[in-house]
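Me: Could you take me through this model step by step, giving the general idea behind each feature before the case at hand?

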Amino acid sequence: MIKRIFFSVLFCVLSFTHFAQECNSILKGIVIDYHDGTPIYDATIYIKNLQKYATTNFEGKFKIEGLCIGEIHLTISHISCETKDVKIKLEKDTFSEFFLEHHIESLKEVSIVAAANIKSKTIQSTVLNEETIAAFSNQNLGDALKEIAGISSINTGNAIVKPVINGMHSSRIIVMANGVRLQDQEWGIEHAPNLDINTSEKITVIKGANSLEFGGDAIGGVIVTEPSNIRLKDSLYGKSIVSSQSNGRGYSFHSSLSKSTKKGWYVNAKTTLKKMGDFESPTYVLSNTGIQSTAYSLQTGLKKFESGFNAYYTFINTEIGILRASHLGNIEDLVNAINAPAPLIATDFSYDIDSPKQAVTHQLVKVDYYKRFKKLGKLKVQYDFQNNHRFEYDIRVGNDRNKASLDLDLSSHALSSSFEIDAKTDQKYKVGFMAAYQNNFANPNTGIKRLIPDYDKYDVGFFTIGNFIFNDQTTIDIGLRYDFNAINAKKFYSKSRWDERDYDVDFNDLIIEDFNTQWLVNPKFQFHNFSASAGISYQLNDENSVLFNYGLSNRAPNPSELFSDGLHHSAARIELGDLRLEQETSNRVSANYRFKSENTAMLVEVFFNHIRDFMYIEPTGTEQTIRGAFPVWSHKKTNANLFGADFSFKQHLGSQYIFKNTSSFIRGKDVKNNRDLIDIPSAKTVNSIGYYLERWYDFSAVLASEFVFRQNLFPDNNFETYIPTSDTTVFVDVSSTPNRYHLLNFNADATFKLSEKTNLSIGLTVTNILNTNYRENLNRLRFFADDLGRNYTLQLKLKY
Amino acid sequence: MNTLKNKTLKTIKNLAFVFFVASVFTACSDDDPEVVNQEELITTLTATLTPSGGGTDIVLKSVDLDGDGPDAPVISVSANLIANTTYTGELKVENETESPAENITLEVLEEDEEHQFFFTPTNNIATITYNDMDGDGNPIGVQFSLTTTTAATGSLTITLRHEPMKTASGVSDGDITNAGGETDVQAVFPITVE
């Protein structure tokens, strides 16, 4: 609240009209932060010609009685803010929302653009605040997001964590990093978002495809990360976080420093260093699971109300070891690994990261500029460039021992612009366009067949969004978007694969050159995608509100779905794409019910998502090679229905205790073949009890119980295979899901004021207190090893 | 206001220019991608069996020219084995997609401590003993002896494991059960002893 007072500035526009005769009308209203929709406390509303004034309460609300109908001059001001005059016509008792625009609008220009949309009341969205993010300083984006009901993760070990929103992940999720759509080979299940969580101070998760501004293909949803606000005064400030953890014997260090001036200039630098060794399950070392990561970001700009710009650069390099025991030669090794109770390779703890491993560098440059036009709106233009360079190292022999098996260099450019017409408070419009170009280069010097080919990709998109406030109870949002995607790839196919896929029947015209055993092929595909969203929110009374929304979205197949072609050692499987795949179409409806009283908050979210031509990957048989047999996993399509419910509940028990529950449940059905969908998150419920003692150094202690049910609904892809060395036929169970599990976690922290401007927070976290052995269904290494054992984390956070 | 407008336009122009320049520099060159020289690809396993009393060599061969492509390896056995005979055997691993074929056996021998061939017969068609050893005194299996007894029909599986646990129980005697490691080559040959 204090921060808000400092940061907030004033002003807004408002329009309502009415006619009545007597001077006993009442003007009620709420003053809201334009950026994050939170109420602003202690703003002053002053009516000049009547000498009447009011201030907003803690809920941002105010009331002025005894007003005459007609025109009123309102002056709305807030501490350390410029004062703004507004003329309104009062016609009868009225309630209105006043959005206060920050004088210095915070750094995140894009997120402001976004904010207009995110703030939309008609979408299912949840925000993670700075405190929560800081608590995950030494972990991943995917770990932090699991705090939200309905968000789970799909993991490869515990360092590669991909967020899953209502069962959807990878290409079905857009990750926005400071206004830039992350282009980091997100199609791969073992490709985690290349984002340092410490660069964000606010993360918003939007479920479903109702934020068309970011893209039309986010069937799962959008994750919007935004950096910190910039203070509108001459100041120098920052924070440092040091975390040390027992499991992995690792540490992470984050530091940020910002300088800002009254005039709106700012510069900000951040860095995060992370190093962890082998993690440990309760009973053994998970050999070769260390991580090493270095991240920097730098941004500068000018932020004024009328106009401003922002220049931003980030660099992140991450090296992640992959569990040694998960690297396999053929189906026999897979059977041995699955049947072994513990990993077949478990050595002593080490900080070394050997093959198999991945090393990824992601760089992002952004410049944006905005300008406001009086009584009209705001124009924004942005250019961004990203480079993602990914190396994957398999276990190799001889001179190739230290050579990467995969070397992909992905460069993406995007130019975007939007115009927001926000002169009227009860209706806002936004139009925008985006043009993007992407080039992927797969280095042939690896000496291994390319898994993903060289390609050029072009995207052009247009959108328009309208937001209408009908009355103080009802808001409606409508959006439309069109995207054109074109991909032009050059790929080598072995002639045997070309024929086996029957591509010789349909695609022989794509062949451009004959290379003895291979064809060089030039696939060119174009996709037209239409998306739409509509939502309505209705405030039943002070405590109860509901929203309904509908989203239509299309997603074109990604390069992996189209072109995958080769052996994945980490999974001992041959993965095959399909040139015949076309875009999938999602129709999603969802509804929220929210209850909020002084001591109780509850949110129930439900959704139903029908996806036509839903693309997925599943085992489709085995192939014999000179290494032996391999299961083949093919990208396929079907029609899918997903539905689920997410539940969040919070109850204050007296002044010092808070009980919380978040639960989620989801079902996924392949309706064409009447079977369950693969990789659907298990039902989960988290209960916690927290003790808070503000007067004693802001002390808090939270004990949480996390219960994950067994996923009983899964497609049966098990098969039998002949093992020549034992001359037996064995059953290969790649489908059965792990048992349910229960984890206890504890966290305590306290904050000490060292000086006027300096705070030190000390936090202790213990996860998996009981050191339970468990395996998580959506961790791809669950076939080979248990998940993490007990871990103590000590965190020091210094704000200055 | 006008200067602001001009500034805006100028900025937009500048941004457009940056985008344009960036596109030109990175845009799709029409160069075709280079074909990958698959260095470690193993296409061929050959076991040559020379009868100790003299006679024609028997050649067991597994050839898979499309690597991890859909075509199954082609397995051939040049002749039936003779009962009660000892054969001196030698293995060869090659990449025949290159010309001349690359002899990968040399790499295996260079890193012999990390490699071992295993021979798994069925129906007691033969017994196999190792004739070579690595620096630690553990078997490799490139050189071996194969001895037949009575007439029988069965199969012989030859497996090359990378990073096996050579000291695990039975492994140095040729029992693959506890070997672990990763399979680099595996071929099953139908064998008739007459």
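**Overall size and make-up**

Reply: With 800 residues, a compact globule would have a radius of gyration near 28 Å, and chain A, at 27 Å, agrees with that; the radius is taken over C-alpha atoms, and the globule rule is 2.2 Å times the number of residues to the power 0.38. This is a predicted model, in which local features need pLDDT of at least 70 and side-chain atom pairs count only at pLDDT 80 or more, while totals for chains, interfaces and linings use all residues. Residues are numbered from 1 along each chain as its sequence is written, and chains are lettered from A and ligands numbered from 1 in the order in which they are written.

Me: What does the C-alpha trace of chain A span along its principal axes, and into which domains is chain A divided?

Reply: The trace spans about 95 × 60 × 45 Å along those axes. Domain bounds come from an automatic or database domain assignment, and here they give domain 1 (2-100) and domain 2 (109-114 + 124-130 + 225-799) of chain A, whose C-alpha centres lie 42 Å apart.

Me: How many helices and strands are there in chain A, and how many in chain B?

Reply: Helices (H or I, at least four residues) and strands (E, at least two) are DSSP runs, numbered from the N terminus. By that reading chain A has 8 helices and 45 strands, whereas chain B has 2 helices and 10 strands, following the pattern α-β-β-β-β-β-α-β-β-β-β-β along its sequence.

Me: In what sense do β32 and β33 of chain A pair?

Reply: Two strands pair if DSSP finds at least two bridges between them. Strands β32 (residues 565-568) and β33 (residues 573-576) of chain A are antiparallel over 4 bridges, with A:Leu567 having A:Ile574 as its bridge partner in β33(A). Strand β33(A) also runs parallel to β36 (residues 628-653) of chain A, joined by 3 bridges, and there A:Leu576 stands opposite A:Ser634.

Me: Is A:Ala149 buried or exposed?

Reply: A residue is buried if 20 or more other C-beta atoms lie within 10 Å of its own, exposed if 12 or fewer, and partly exposed in between, the C-beta atoms being placed from the backbone. A:Ala149 is buried because 23 other C-beta atoms lie within 10 Å, although this residue lies in the loop between α4 (141-145) and β9 (151-156) of chain A. Two residues are in contact if their C-beta atoms, placed from the backbone, lie within 7 Å; leaving aside residues up to four places away in sequence, A:Ala149 touches A:Asp646, A:Phe647, A:Ser648, A:Thr662, A:Ser663 and A:Ser664. A:Ala149 and A:Thr662 are 513 residues apart in sequence, yet 5.4 Å apart in space, C-alpha to C-alpha.

Me: Which residues touch the most other members of the largest nonpolar core?

Reply: In soluble globular proteins, nonpolar side chains tend to be buried together. A nonpolar core is a set of buried Ala, Val, Leu, Ile, Met, Phe, Trp, Tyr and Cys residues joined through C-beta atoms within 7 Å. In the largest, of 47 residues, A:Val175, A:Met176, A:Val205, A:Val222 and A:Ile223 touch the most other members, and strand β11 (residues 173-177) of chain A gives the largest share, 5 residues. A second, separate core of 35 residues includes A:Ile626, B:Leu41, B:Ile42 and B:Ile140.

Me: How many residues does each chain bring to the contact?

Reply: The contact takes 55 residues from chain A and 53 residues from chain B. On the side of chain A, strand β27 (residues 474-494) gives the most, with 4 residues.
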